[in-house]
Amino acid sequence: METILGIQSNFLGAATRRTTWKDSRVAILPVPFEQTVSYGKGTSRGPAGILRASAYVEFYDEETGRDVMRDVGIATLPPLRTGKKTGKAALDLIEARAAAIARSGKFLFSLGGEHTITQALVRGLIPAYRDLSILQIDAHSDLRQSYQGSPLSHACVMARICDFVEPRRIVQVGIRAQCEEEADFIRRKRITTLYAHQIRAGRPGAWMERALSKLSKHVYVSFDVDGLDPSIMPATGTPEPNGLFWDETMRFLKLVGSERTVIGCDVVEFSPLKGLHHADLAAAKLVSKMINYFVR
């Protein structure tokens with residue numbers, strides 16, 4: 001039996017009913033991992049910021065008509081701290097935790113922390129889903145082979161995933177910042193990358209159809225909050241203009257959830273800014289909407 005957080009610190013600030021491990025279909029795993037951020041810092045405070053703000057998000061979703069606590073059940077686990085472990089040792093710990101949760105049959109929703117954690121989370125889930133494709137919503141490609149001397153930097157996370165996932169099964173949405181090395185890697189490995197300028201120039205909704213067509217039956221969704229426009233989400237280390245807006249993002253996530261089987265997901269790179277409450281609430285609402293769309 002897993003230890004879970006109580007009403008003062010769990011997701012949605014919910015009472016014990018439908019937050020127990022036994023009665024919940026979703027497991028929220030906070031992973032306040034921050035070791036390689038390169039500009040704005042604070043991702044280690046991201047999970048706690050999301051959980052704190054989530055107390056002001058309604059259980060009931062007016063769009064889907066669901067009460068997620070009643071219909072799904074959400075257990076919030078204590079934060080997974082890597083202590084003095086760094087690099088591969090820290091990621092191995094995260095991978096093992098993700099694998100154990102997956103074996104329990106729960107839907108794993110991780111709250112980061114920096115984007116580096118995604119490679120460990122995917123490694124923990126992929127043994128049961130050999131056809132797994134990865135949907136990455138992000139401003140950055142994160143396909144560098146090394147950054148600031150580390151191949152395990154947050155800027156390399158998708159390159160590391162390409163070490164064990166066929167690159168053609170990666171779909172990137174909202175990209176608007178990359179180096180030439182990454183652009184060349186995308187062309188050579190035939191990664192599906194939907195750039196922000198293409199989304200804006202194309203037929204409305206066409207990018208959603210293309211992204212969906214490249215996803216296999218089973219999908220892992222990694223949502224870097226800088227994929228959203230800074231007008232919505234300024235609380236992130238490297239905000240980039242021309243990002244995704246709320247309505248189009250929700251429509252896309254809903255489409256993915258209805259047409260594919262999402263087996264796990266994360267929200268990463270959220271860095272709370274003191275006194276800027278709307279960003280905290282937006283991040284918490286994003287998590288709630290993803291649960292509504294992905295967990296049937």
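Predicted model: local features only at pLDDT ≥ 70, side-chain atom pairs only at ≥ 80, totals over all residues.
Two strands count as paired here if DSSP finds at least two bridges between them. By that rule, strand β6, residues 133-137, pairs with strand β7, residues 170-175: 4 bridges join them, and they run parallel. Within this pair, Leu 135 stands opposite Val 171 of β7.

Now the whole sheet. It is open, made of 8 strands, with parallel pairing, and the order is β4-β1-β5-β10-β9-β6-β7-β8. At the edges are β4 (74-76) and β8 (192-195); each has a single partner strand, so one side of each has no neighbour in the sheet. On average, neighbouring strands are turned by 15° against each other, ignoring direction.

Next, helix α4, residues 117-125. This helix lies across β1 (26-31), β5 (107-112), β6, β9 (218-224) and β10 (261-268), and its angle to β10 is about 160°.

On to the aromatic rings. How many aromatic pairs does the ring rule give? The count is 1. The pair is Trp 207 with Phe 252: the ring centres are 4.9 Å apart and the planes are at 50°, so the pair is classed as tilted. Trp 207 belongs to helix α8 (residues 206-213) and Phe 252 to helix α9 (residues 246-259), so the pair ties together parts 45 residues apart in sequence. The cut-off for buried is under 20% relative accessible area. Trp 207, at 8%, therefore counts as buried, and Phe 252 is buried as well, at 1%.

Last, charges over rings. The charged end of Lys 106 sits over the ring of Trp 21, 5.1 Å from the ring centre. For Arg 123, the charged end sits over the ring of Phe 164, at 4.1 Å from its centre.

Notes
Residues numbered from 1 in each chain as written. Heavy atoms only, no water. Helix = DSSP H or I, 4+ residues; strand = E, 2+ residues; numbered from the N terminus. Axes fitted to C-alpha atoms, helices over the stretch in contact; angles between N-to-C directions. Contact = heavy atoms within 4.5 Å. Phe/Tyr/Trp six-rings, centres within 6.5 Å; stacked < 30°, edge-to-face > 60°. Buried < 20%, exposed > 50% of the residue type's maximum accessible area, 1.4 Å probe, protein only. Lys NZ or Arg CZ within 6 Å of the ring centre and 35° of its normal.
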